[in-house]
Amino acid sequence: MTLRILITGGGTGGHAVPAIATARAIQQQLAGDEPAFLYVGSLTGVEGRLAAEAGIPFKGVRTGKLRRASNPFRMVSRANIADMFRIPLGVAEAADAVRRFQPDVVFSTGGYVSVPAVLAASTRGIPVVAHEQTVQIGLANKIIMPRAKVVALSYPESATELQPAVRKRSKVTGNPVRDGIFGGDPARGKAWAGFDDADDALPTVYVTGGAQGSRMLNVAIDGCLPALLDHCRIIHQCGKQPGDSQDIDTLHATASTLPDHIKRRYFVTQYVGPEIADVYALASLIVGRSGAGTVSEVCALGKAALFVPLVPTGGDEQTRNAKRVSDMGGAVLLPQADLSSDSIRDAITRLVTDPNRLIAMGDASRKLAMPTAAQDLAKLVIDTAKGASKP
């Protein structure tokens, strides 16, 4: 019989990418017996685009989140009040999607949008497989995991945060990464960035802050470009920020003032698409935030990294993600509080001028990779669905 699998989770690529990677692995394992998928995600997150690219039907629902603050009075904000009205609508929409689709299993990768679908499924007796991408258990997953039949973790350390009853149902699978990051060609990456043959002896640094970029990273790099480009080439994915102010305009303006012999060593773009495998293949050093997806990709590819963890208002999961790799010797951690043009210039320069260290760091990060994560998660989802399905 055809298995019906509802996927939920999103808001960011950190939740959506593992969901899509697992769905592809499920299709591979069920070759000849194509499963039926439905992805329930947020209206504004990246998951809608990723699901469409993967050919998975998508149902967008309204969602909101509680924005935590150190001052409790600040929690009574316009955004939180607006979300108080969105959340009930999103719960109803997600429950309706579950009722109509009638899945054999729900696979959740977390994020606030996943909670309504999981609650609706669990009240109907539909089994749930919940996956956590980071070392620290997210708030949504703290709600979801007690209701899940199987809990999948990316890191063994995460199990210590689970209640004993939930821990017994947990398995360490790792965090799935995109198929599209593998098999890149450095020559294609070089051609895409427009780099000159005369600079081939220089290492390439890939700076990335995710889909919307990281303004703090962008500003820091902008302030030290001439000094950095004496030692390396840079591919800079600066993101697309909401509103009229775009970092790419500032970075283009700075680049236009550079001397010709180093201007050709810098390439800035808002988004890296299918070229990502070639960019990774060319890069000797990755500089970026330390979200679960970035960290998992760095390890899967065996790359050296300089991580600047994002410091949120709640937990500090990105620092824990980065520290796991830095403790192994695969990355250098630059705290956000210490981030400046001078500090990032010094950190990058020390690394790119020591090629043997970069190689050793890449070897160390690869030791943390779990290359079968997508396949292992896919098997968990299939087995859970079949265990609950009627013959």
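Helices and strands are DSSP runs, numbered from the N terminus. By that numbering, Thr173 falls in the loop between S7 and helix H7 (186-193). The model is a predicted one. Thr173 has a relative accessible area of 4%. The residue is therefore buried, the limit being under 20%. Beyond its neighbours within four places in sequence, Thr173 is in contact with His131, Ala152, Leu153, Met370, Ala373, Asp376, Leu377 and Leu380.

S2 and S3 run parallel and are joined by 4 bridges. Within this pair, Ser42 stands opposite Val61 in S3.

Aromatic contacts were considered next. A pair of aromatic rings is described by the distance of the centres and the angle of the planes. The count comes to 3 aromatic pairs. One of them joins Tyr39 and Phe58, with ring centres 5.8 Å apart. Their planes lie at 45°, so the pair is tilted. Tyr39 lies in strand S2 (residues 36-42) and Phe58 in strand S3 (residues 58-61). The pair therefore ties together parts that are 19 residues apart in sequence.

Another pair is formed by Tyr206 and Tyr280. The ring centres are 5.8 Å apart and the planes stand at 90°, so this pair is edge-to-face. Tyr206 lies in strand S8 (residues 204-208) and Tyr280 in helix H12 (residues 276-282), so parts 74 residues apart in sequence are tied together. Both Tyr206 and Tyr280 are buried.

Strand S8 itself is mostly covered, with 5 of its 5 residues buried. Both faces of S8 are covered. Thr204, Tyr206 and Thr208 are buried on one side, and Val205 and Val207 on the other. S8 pairs with strand S9 (residues 233-237) in the parallel sense over 5 bridges. Thr204 has Arg233 as its bridge partner in S9. S8 also runs parallel to strand S11 (residues 285-288), to which 4 bridges join it. Here Tyr206 stands opposite Ile286 in S11.

A charged group also meets an aromatic ring. The charged end of Arg4 sits over the ring of Phe101, 4.3 Å from the ring centre.

Cys232 is in no disulfide, and the nearest cysteine sulfur, that of Cys224, is 9.1 Å away. A disulfide requires sulfur atoms within 2.5 Å. Cys232 counts as buried because its relative accessibility is 0%. Cys299 counts as buried at 5% relative accessibility.

Note on methods: Residues are numbered from 1 along each chain as its sequence is written. This is a predicted model: local features need pLDDT of at least 70, side-chain atom pairs count only at pLDDT 80 or more; totals for chains, interfaces and linings use all residues. Side-chain values use heavy atoms; hydrogens and water are left out. Buried means under 20% relative accessible area, exposed over 50%, partly exposed in between (1.4 Å probe, protein chains only). Rings of Phe, Tyr and Trp (its six-membered ring) pair if their centres lie within 6.5 Å; planes under 30 degrees apart count as stacked, over 60 as edge-to-face and the rest as tilted. Helices (H or I, at least four residues) and strands (E, at least two) are DSSP runs, numbered from the N terminus. A charge sits over a ring if NZ of Lys or CZ of Arg is within 6 Å of the ring centre and within 35 degrees of the ring normal. Two strands pair if DSSP finds at least two bridges between them. Contact means heavy atoms within 4.5 Å.
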